[in-house]
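Below is what I looked up, in the order I looked it up.

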Amino acid sequence: MAKAILYDSTLCTACRACQVACKQWNNNDGVETVNLGSYENPPELTPETWLKIEFREVEREGKVGWLFNRRACMHCTEAVCVRVCPTGALTHHELGFVTYDKDLCSGCGYCVDFCPFNVPRSDRNLITGLAKMDKCTFCTTPGFDRLSAGYEPACVKSCPTDALKYGDRDELVVEARQRVQVLKTEGHTNAYLYGEEELGGLHVMYVLDDSPEVYGLPVHPEVPAAAIAWQDVIQPLGWAVGGLALIGLGLNYLVARKAKMTRELPDKKEKSNATRS
Amino acid sequence: VELNRRDFLKLSVAGTGGLLLYGIMEGDKALAFSRQMPLKKKVGERTTVCPYCGVGCSAIMAVEDSKITNIEGDPDSPINEGSLCSKGASLYQVANNQYRETNPKLRGAGATEWTETNWDDAIAALAARIKETRDATFVEVDKDGNIVNRTEAIASIGSVFPNSEEAYLMSKMLRALGIVFIENEARICVSAAIAADGETVGRGPMSNHWIDLVNSDCIMVIGGNIAESFPVAFKWVTRARNKGTKIIHVDPRFTRTSAKADLYASVRPGTDIAFVGGIIRYVLDDMESNPGNYNMTYVREYTDAPFLINPDFAGPADTLNGLFSGWDGSKYDNKTWAYQSDPDQPENIKKDPTLTDSHCVFQLLRKHFARYTDDKVVEITGTDKSTFQEICRTYAATGQRGKAGAVVFSSSACQRTMGTQTVRTFGILQLLLANMGVAGGGLDGITGAVNGLGCTLQGLVNHWLPGADSVRPPSTTEQRVSEYGADKARLTSLLKAWYGDIDYNTSFNYLPKRGGDYSWQPLFKAIEDGVTKGLICWGINPVVSGPNSGSILQALQKLDWIAVIDLWETETTAFWKPAAGANPTEINTEVFLLPAAHSLEKEGSVCNSSRWNQWRYQGATPPGDAKSDLWIINKLVLKLKELYAGQTGKNAAAITHLTWEYGEPPDVHLVAKEMNGYDLKTGTLLTSPGNLKDDGTTSCGNWLWCGMYTGDGNMAARRDTTDPSSIGLFPGWGWAWPLNRRIMYNRASVDLDGTPWDIARPVIAWDGSQWVGDVPDGGWPPVSESEKYPFIMKSQGRGCLFGPGRPDGPFPEHYEPWESPLANYMSPQQNNPVIKSWETLARGNPTEHPIVATTNRMVEHLHTGAITRRLSWLVEMMPEMFVELSRELAEEKGIKGGDTVIIESARGSIRAKAVVTARLKPYRVNGTTVHYINLPWNWGYMGLSKGDSGNRLTARMGDPNTGIPEFRGFLCNMHKG
């Protein structure tokens, strides 16, 4: 039975309990930030920040709105990161989401580069290439596995307004569809359940009162062709010729360079008419 | 309560919250996971209560080797059901924090550094300082021969964070020393709500409780920001909204509360009286046209609406230029603000049950508010007319029988020179709509800190002893216990608790008598003027929180000594350092820094905003040599007793005879039992304030707490998660004062015969012989039988639309804030006529300072940020002091988001980062554009995140009722830095 998290943005007050509860359970430090003219911080996900709440100001029908969105791993069924991970550090958990064993991560950075949601984060040394990726593990990090111990993910547990729920994915889909229907009857004609179908079905689904782009979510997230090529052709070939180390190092550098540029250009994959504030 | 995880899980599943959260988990546990290994940290077993806001969320702590390794929400708590906000979720970083103070420190006159010391030496030195200052300034008898036994040379401020038992001992110690300048944060936070609600319905605190918000049909949040300041309470607002409840938010700023509201109205700061006055006018008009839409029986029977007022009474509606009758040029003589007497009518009051007599309260109210037309409201508040009208219709709909509306507010309604009258408008509206006492109704004035209510009610404000109003500290002329009339038993029981075998007529005069206004602002003025020479600060940071905080910083430099009991080196602790802009060598104040234990490191009870007392257990061991307030107070008192032993003069008996046997280390349970009280003849614990005797045969430290710790045990520690009421009363979870009553004034939720107005959501009901449901507010039979009316703290048992006890008028009238860019459009009377001022600096004028400003707090930081600005998880989210301004103002000033800007008022100037937002809009009032900015007050010059304090700009003005400062509406200007 697949499990999922349902995030209902219309119930979220952006108290950010989830952002802190995630750090608390997973022993992640605070990140040094500055005020950039917004409540939102840190500006991007980091190796120590696996989950953050985004703030967007919108004007709809002449009225101000403040939209909140949760940003963390989407736990895709068609998970690019799992495809490209050469070491098996990223795998599909038997409950459907993408789990992660940091001990197995080689720091190659392919997941960082190919994720259609721009979620995985890795700080690496440009010369040695030594790095470890970090992202939300659905609270199944070995030794900190809340789910197998019988607890909800830390973010869900902390949420005061039931904007985050954890449960059987099928049941949450039914609940979320009803919720979207209610929003439509209340006049939110673009209300949408994000993640029901996207990438084979996400294990973090979103109830939105507007279309995904308003919330900075890609309307048609896709598995990049290069990622399919990597897993299906280059990776086996690489193993066959035994040149993995060499190719890996070369790719490492390229990907690292690209990842660095990505960090300098945040939100490259987000198109939104809303102001982040 | 040491439980293993399995037991805990069982415990959780047994409770409602546990079922909700863990029911879905049980299935998973059966799954065989492929890569399972034991958890490297425990989830938590020992319970505590979050130390931040007034919601009182329960949390569970995992403790290993005396250290806390995990904290998260307690799934059993019916209040928070396992959730926390970002502050609560960050508690781990309080318990494991490199900035914590671990050893007592001293700083001598002119010294540039701290000197580390030990507890024995620090307490001995502090006790000596206290004795020296006290004895040199002690007044035993005043010039008129009255016994006063006080010193004005020592002041104590704080706090709202200790456990109630600690606050009680603090109060007991301070009073025994003859100290009269005793204040805490409640004064500058929500004191106006206490004065207003006391006048209207008889008691100050929130009348219902958090969970009850789910029973509302409409929740109007006005002068408050519940989603940000009380985030977990928004659980119940959200639940209500999900089932169709309308949420209204009225505020100058579009906040995280507005983002979740159905209706949002923007109002110019300081104009809520006009806004709510307009709603009251709408309701009164609509009652005339559609009386069937209102519960007129409630209005006629349970309020003073039919009472006739002295025919000479006149008000602003009678062209008195915005004033009421009795104005003598500087204050009111309120003799015309009185009921007409009629010996032939019950209670000797003339009444008109038809509510038509032109002198009855109902008609006077109509006349008064008739001037608050829609257009006038729009003109004054700058709000959108159609939204205002929709709010009138929506909220007035809660006036129907069987409907309930809640008014939720907090500091921003209170922190103004019209704070009390602002809250009075809320009460008047709630009485007219029959919303008091019913499920989902109420006047919900939220206290800002977890134990704000619990600490204040132990007498940590100058005008209350433990037990509040009815056991007020005596004034100079009150020389006998008999002055307390019907409340005598409460006072004599307190005196028996404090002075044991001493005759209470003798011990009564041990208590210091009040000879003036000893509230927050006069207190700091007394320091400034050199009257007060020693200050004790308990976990409080006035250099950041007080009005015109620059003046407080300077005042502290004049002290002979200051003792700070805190977790950290706060701004107040470091006022003498270069970081404060000071030159240490020029400052001769001696400073004691006594490192305190955090709530996670001690045991005791706290009382949340909705009066629920919950017990917290010790988790971690305090770092280094940090100690609990209980331990510190105990040690200090034992030392003082030693110093005063054998002395006869200077009221030494008040100290030497003070009962003080709590053990070493002190046993918090003994303190809790003393507060509850004993039958001194049998030695048994009392069970209810009804047991108190005025003949000296009962002791009781705080009559409101009587019943919390009985022979049946510690009621605050109860964790029964069942709810027999079906409306979320959870009577077996903790203990609510008074008498474990969950909804106050609940006898107003039934008709004259005891049948609930709302059959679907009954709070109490009369079954013919007794009340069933909640603990009734007064145990008498229904009104038709007993003629005992529901608002039992008011002399006639009626809710008071007419409030003759306030110095600034019996009806709320709109006046402008002290600093305002606009004239008062309602009358020529610009400000509250009896406004209080302690300000010696200039008043800003609109030419130089045209922008209106307010201060605020937020989810991520609490109060002065003393705690939260030292936690990296919270600092990461809100790293710097900022100012919110509209896009329009930003464009005018050439400011972009993230720019550093300078904001100036007539008091000072600060720097902040600009947050340019569409959520703030300029007001267009009568063709004038009024710009508005907002500043958090959570920053200061110490900690992990440093920044300027918004209170450098605010003024030392006050509401005439309580002296609460005007933080919400002052003038400033700004430019790019």
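**Entry 1: salt bridges.** I started with a count over all chains, and it came to 75 salt bridges. I kept in mind that I am reading a predicted model. A reminder to myself on the idea behind the count: side chains of opposite charge can pair when their charged atoms come close.

I picked a few pairs to look at. In chain A, Glu54(A) pairs with Arg56(A), with 2.8 Å between the closest N and O atoms. Are these two buried or exposed? Glu54(A) has a relative accessible area of 2%, so I wrote it down as buried. Arg56(A) is buried too, at 1%.

Next I went to chain B, where Glu816(B) and Arg268(B) form a salt bridge, again with the closest N and O atoms 2.8 Å apart. The partners sit 548 residues apart, so this pair links distant parts of the chain. I found Glu816(B) in the loop between helix H27 (783-786) and strand E27 (836-837), and Arg268(B) in the loop between strand E11 (263-265) and H11. Glu816(B) is buried at 0% relative accessible area, and Arg268(B) is buried at 2%.

A further pair in chain B is Asp517(B) with Lys836(B), at 3.5 Å from N to O.

**Entry 2: where the chains meet.** How many residues does each chain give to the contact? I read 65 from chain A and 75 from chain B. The area buried between them is about 5,600 Å², and carbon and sulfur atoms give 55% of that. The rule finds 8 salt bridges across this interface. I looked at one, where the side chains of Arg919(B) and Glu57(A) meet at 3.1 Å, N to O. Polar contacts between the two chains come to 30 residue pairs. On the chain A side, helix H1 (17-26), strand E2 (52-60), strand E3 (63-71) and helix H4 (154-158) each supply at least two residues that touch chain B. H1(A) gives the largest share, 7 residues.

**Entry 3: chain A on its own.** I counted 7 helices and 11 strands in chain A. Of its 277 residues, 64% are buried.

**Entry 4: the nonpolar cores.** I remembered that in soluble globular proteins, nonpolar side chains tend to be buried together. The largest nonpolar core here has 153 residues, and Trp210(B) and Ile226(B) have the most contacts inside it. I checked what Trp210(B) is in contact with beyond four places in sequence, and the list includes Ile79(B), Ile226(B), Trp236(B) and Ile446(B). Another core, of 92 residues, lies apart from it; among its members are Ala14(A), Cys111(A), Phe138(A) and Phe970(B).

**Entry 5: one helix, one side.** Which residues of helix H14 (374-381) of chain B are buried? I found Asp374(B), Val377(B), Ile380(B) and Thr381(B). They cover an arc of only 135° around the axis, which puts them on the same side of H14(B). That made me recall that an α-helix has 3.6 residues a turn, so residues three or four places apart point the same way. The cover over these buried residues includes helix H11 (272-289), helix H15 (385-396) and strand E32 (923-925) of chain B. Just after H14(B), Gly382(B) takes a positive phi of about 75°.

**Entry 6: a buried asparagine.** I ended with Asn184(B), in the loop between strand E8 (179-183) and helix H7 (186-189) of chain B. Asn184(B) is buried, at 0% relative accessible area. What does its side chain reach? I noted the backbone nitrogen of Ala186(B) at 3.0 Å, and a polar contact with the side chain of Thr456(B) at 3.1 Å. Beyond four places in sequence, Asn184(B) touches residues including Gly158(B), Cys455(B), Trp520(B) and Ile540(B).

Technical notes: Residues numbered from 1 in each chain as written. Chains lettered and ligands numbered in written order. Predicted model: local features only at pLDDT ≥ 70, side-chain atom pairs only at ≥ 80, totals over all residues. Heavy atoms only, no water. Buried < 20%, exposed > 50% of the residue type's maximum accessible area, 1.4 Å probe, protein only. Helix = DSSP H or I, 4+ residues; strand = E, 2+ residues; numbered from the N terminus. Arc of directions from axis to C-beta. Contact = heavy atoms within 4.5 Å. Core = buried A, V, L, I, M, F, W, Y, C linked by side-chain atoms within 4.5 Å. Buried area = accessible area lost by both parts, 1.4 Å probe. Salt bridge = Lys/Arg side-chain N within 4 Å of Asp/Glu carboxyl O. Polar contact = N/O pair within 3.5 Å; in protein donor to acceptor, adjacent residues only side chain to side chain.
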